[in-house]
Amino acid sequence: MKFHFYEIVIDGKYIYRVLNTVKKIHLRNISNQENKTSFLVDSEDIEETLRILKANDIPVLNMKEKGIYTKIVDKFFFKLVLIFAFVFVTALIVCSRYIWEISIDGNYTYTTNTIKNFVYSQKIKEGTLKKNINCEALEKQIRRKYTDISWVCAEIKGTNLMIHVKENYITEISKKETKPYHIVANKEAEIVSILVRSGVAGVKAGDKVKKGTILINGMVDVFDESEQKLFTNPCNADGEIIGKTEYKYEDELKIRYKQKIYQKNYSYYLPSISGYQWVKTGSTKNKNIQYKEIKLKGFGNYYLPICIQKYTVMPYTETDCQYEQKEAEYLLEKRLNNKLAIMEQKGYKILKKNVKIVKQKDSYVCRGNITCLEPLGKVSYISQEEINRADMEKESADNETEQQ
């Protein structure tokens, strides 16, 4: 009835005759006012109802077509829908020229927020034009900032800037890099083993290397049958290098601290455009405010600048406490084990941990050395100058071959 129906008005004295003759037709909302009776009938039954009224000489005083159907066929409503659709599609096209989401994967040591904040410092954030983002330059900046990250790939899909990172060199890198490169040491270490798949080994087992030392050279010399060098061929260096490294570890836990006793929390939601944050988050006086953002998206990686923000307020009271020695040792050991677990996830093999927990004046300190085996190496692109020189050598060698 709500979609398409009719309202019929007749003289009130005929209503009982109507009810007696239209037994198979459902009449609704029958009302009587000023000797006039109105009722609703479904559009499918209107023809039969009018036929019955005519056959019984019951005049129709008024008849109106009602329901959603009438709005759909109304010209003004139809134009309004077209205008709304045009504005919506135009807005989508305009929004698709910008990035509205920055996603990061593959990170262990560095949190997503840490890397995002660095990306923001490079004047890249949600709402930046795609054409103003240089993905290659951003990759170099991230590698330069975080030495533990050996490979970075930044790409734009839809309205999403996707940043993939690898914190240790693995063979997967050689499948994704297109420019020729060396593999260099990303930290000081003692080489335990080296397996070369592509390129030339620059070190051997037992060598001690410094950060930046070429481990596998991407410039390969090509010789003739008499072992005379013809030219140098640049390639994507590939292999597996395992090094023995030593880390200094130190963690401190204050003896006295303030313990927060949380009360019942509550949440509220606010709409936002382009990630604008209405409420300052973090710890304020006697309450913590946590923030979560739910971004709207069309399909795939096409995010929209509209989002729903959820703020969770957690009131608390503070009380002065202090750690007992066993409790402090337990927490410090737990932190150490979490650190070791992250290292193992990255491919490290822990050989020895020489760590002790000591009590100082106002804190407990966990300090010592961690010795481990780990995959070494990060990408270092071969300079264009070296590539040009290699091309000239190859061209010269080809010319000599043709002359012979």
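Which residues does Ile163 touch, not counting residues up to four places away in sequence? Hello everyone, let's start there. Ile163 touches Ile102, Ser103, Ile104, Asp105, Val119, Leu138, Ile142, Val152, Cys153 and Ala154, where a contact means heavy atoms within 4.5 Å.

A quick word on the source. This is a predicted model, in which local features need pLDDT of at least 70 and side-chain atom pairs count only at pLDDT 80 or more, while totals for chains, interfaces and linings use all residues. Residues are numbered from 1 along each chain as its sequence is written, and side-chain values use heavy atoms, with hydrogens and water left out.

Now, back to Ile163. In the largest nonpolar core, which has 19 residues, Ile163 is one of those that touch the most other members, along with Val119, Ile124, Leu138, Ile142, Ile149 and Leu161. By nonpolar core I mean a set of buried Ala, Val, Leu, Ile, Met, Phe, Trp, Tyr and Cys residues joined through side-chain atoms within 4.5 Å. Buried is under 20% relative accessible area, exposed is over 50%, and partly exposed is in between, with a 1.4 Å probe and protein chains only. At least two residues of this core come from each of β5 (101-105), α5 (112-121), α6 (135-145), β6 (151-157) and β7 (160-166). Those labels are DSSP runs numbered from the N terminus: helices are H or I with at least four residues, strands are E with at least two. Apart from this core lies another, of 15 residues, including Ile8, Tyr14, Ile15 and Leu27.

Next, please look at the open sheet of four strands, with the order β2-β3-β1-β4 and antiparallel pairing. Two strands pair if DSSP finds at least two bridges between them. The edge strands, β2 (27-33) and β4 (60-66), each pair on one side only. Inside the sheet, β1 (residues 5-11) and β3 (residues 36-42) are joined by seven bridges, and Ile10 stands opposite Thr37 in β3.

Helix α2 (residues 46-55) packs on this sheet, touching β1, β3 and β4. Which residues of α2 are buried? They are Ile46, Thr49, Ile52 and Leu53. These four are on the same side of α2 because they cover an arc of only 130° around the axis, taken from the directions from the helix axis to the C-beta atoms. Their cover includes β1, α1 (15-21), β3 and β4. On the face turned away from the buried side, you'll find the exposed residues Glu47, Lys54 and Ala55. Just after α2, Asp57 takes a positive phi of about 55°.

How values were computed. Axes are lines fitted to C-alpha atoms, for helices over the stretch in contact, and angles run from 0 to 180 degrees between N-to-C directions.
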